[in-house]
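Okay, everyone, thanks for coming. I'd like to walk you through one structure today, starting with the whole chain and then zooming in on a few spots.

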Amino acid sequence: MTAEHLGQLLAEVADTRSRRAFSELFRHFAPRLQSFATRQFGNEQTAMDLVQETMTNVWHKAHLFSPEKGSPTTWIFTIARNIRFDILRKNKHRQNDVSAEDLWPVLSEETSDSDEEFALDTKILMQEIGEYYLQLPDAQRIVVEQIYIEGKSQQEVSDALGIPLGTVKSRTRLALQKLRELISE
């Protein structure tokens, strides 16, 4: 489904409260949101809650979508990510257990999404953690970029940077620990 068609469906929902258009949006996005949320929470019920809340927001806020500011997929996944953070805040015990997969979910797992959705997810995710990420020391940030963004193995990073494998592992661990501390604050 093209971004243009998805935008038209959102416009129909906004203008005429079209149930047909919303149904089509739901059929398109619900499985993608379900997959995203299941990876995030590891719990199907919580994942379904995220899908329902996201799509409810789409129904109520369709009039706020602006194609000039981004694609429908970006807009809907931004809503989902915000809801995800709300759920994590509500579950304080979960908030203290942030892992690399929570920070870079799309990058840490292979997905069947299109290149556009992958790039979109990467962009949104990096914006969300960018403030914390920029606070990392340069050496840690470089290692994290190569592992989680470029998809290199720790050994490949070690070879590329000409540093011992143990140093790569230490920098990765320290970077994730620092991000965990910043997020929990």
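What follows is a quick tour, from the overall layout down to single residues.

First, a reminder that this is a predicted model. So what is the chain built from? The protein chain has eleven helices and zero strands. If you read the elements from the N terminus on, you get α-α-α-α-α-α-α-α-α-α-α. The chain has 185 residues, and 43% of them are buried. And of the contacts with a separation of 6 or more, 57% are between residues 24 or more positions apart.

Now let's look at a pair of helices. How do H2 and H3 meet? H2 covers residues 19-41, H3 covers residues 44-61, and their axes come within 8 Å and cross at roughly 145°. The crossing of H2 past H3 is right-handed. On the H2 side, the residues making the contact include Phe-22, Phe-26, Phe-29, Leu-33 and Phe-41. On the H3 side, among them are Ala-47, Leu-50, Val-51, Met-55 and Trp-59. Sorting the residues of this contact by type gives 16 nonpolar, five polar and two charged.

Let's stay with H3 for a moment. H3 is 18 residues long, and from first C-alpha to last it reaches 25 Å, close to the 26 Å expected at 1.5 Å a residue. Its buried residues are Thr-46, Ala-47, Leu-50, Val-51, Thr-54, Met-55, Asn-57, Val-58 and Trp-59. When you look at numbers like those, keep this in mind: an α-helix has 3.6 residues a turn, so residues three or four places apart point the same way. What do the buried residues of H3 pack against? They pack against H1 (3-16), H2 and H4. And have a look at the N-terminal end of H3, which is capped by Asn-43: a side-chain oxygen sits 2.8 Å from the backbone nitrogen of Gln-45.

Back on H2, find His-28. Is His-28 buried or exposed? His-28 counts as buried because its relative accessible area is 10%, under the 20% cut-off. Leaving aside neighbours within four places in sequence, His-28 is in contact with Met-1 and Leu-6.

Arg-17 lies in the loop between H1 and H2, and its phi is near 55°, a positive value in a residue other than glycine. Most residues other than glycine have a negative phi. Arg-17 is partly exposed, with a relative accessible area of 34%.

Next stop, H4, which runs over residues 72-90 and holds Thr-74. The relative accessible area of Thr-74 is 17%, so Thr-74 is buried. What does its side chain do? The Thr-74 side chain makes a polar contact with the side chain of Ser-71, at 3.0 Å.

Last one: Ile-147, in helix H9, residues 138-149. With a relative accessible area of 15%, Ile-147 is buried too. Which residues does Ile-147 touch, not counting those up to four places away in sequence? The list is Lys-152, Gln-154, Val-157, Val-168 and Thr-172. Take Thr-172: Ile-147 and Thr-172 are 25 residues apart in sequence, with 8.6 Å between them in space, C-alpha to C-alpha.

That's the tour, so let's go to your questions.

Methods. Residues numbered from 1 in each chain as written. Predicted model: local features only at pLDDT ≥ 70, side-chain atom pairs only at ≥ 80, totals over all residues. Heavy atoms only, no water. Helix = DSSP H or I, 4+ residues; strand = E, 2+ residues; numbered from the N terminus. Buried < 20%, exposed > 50% of the residue type's maximum accessible area, 1.4 Å probe, protein only. Polar contact = N/O pair within 3.5 Å; in protein donor to acceptor, adjacent residues only side chain to side chain. Axes fitted to C-alpha atoms, helices over the stretch in contact; angles between N-to-C directions. Left-handed = near helix turned anticlockwise from the far one by under 90°. Contact = heavy atoms within 4.5 Å. Nonpolar A, V, L, I, M, F, W, Y, C, P; charged D, E, K, R; others polar. Expected span 1.5 Å × (residues − 1).
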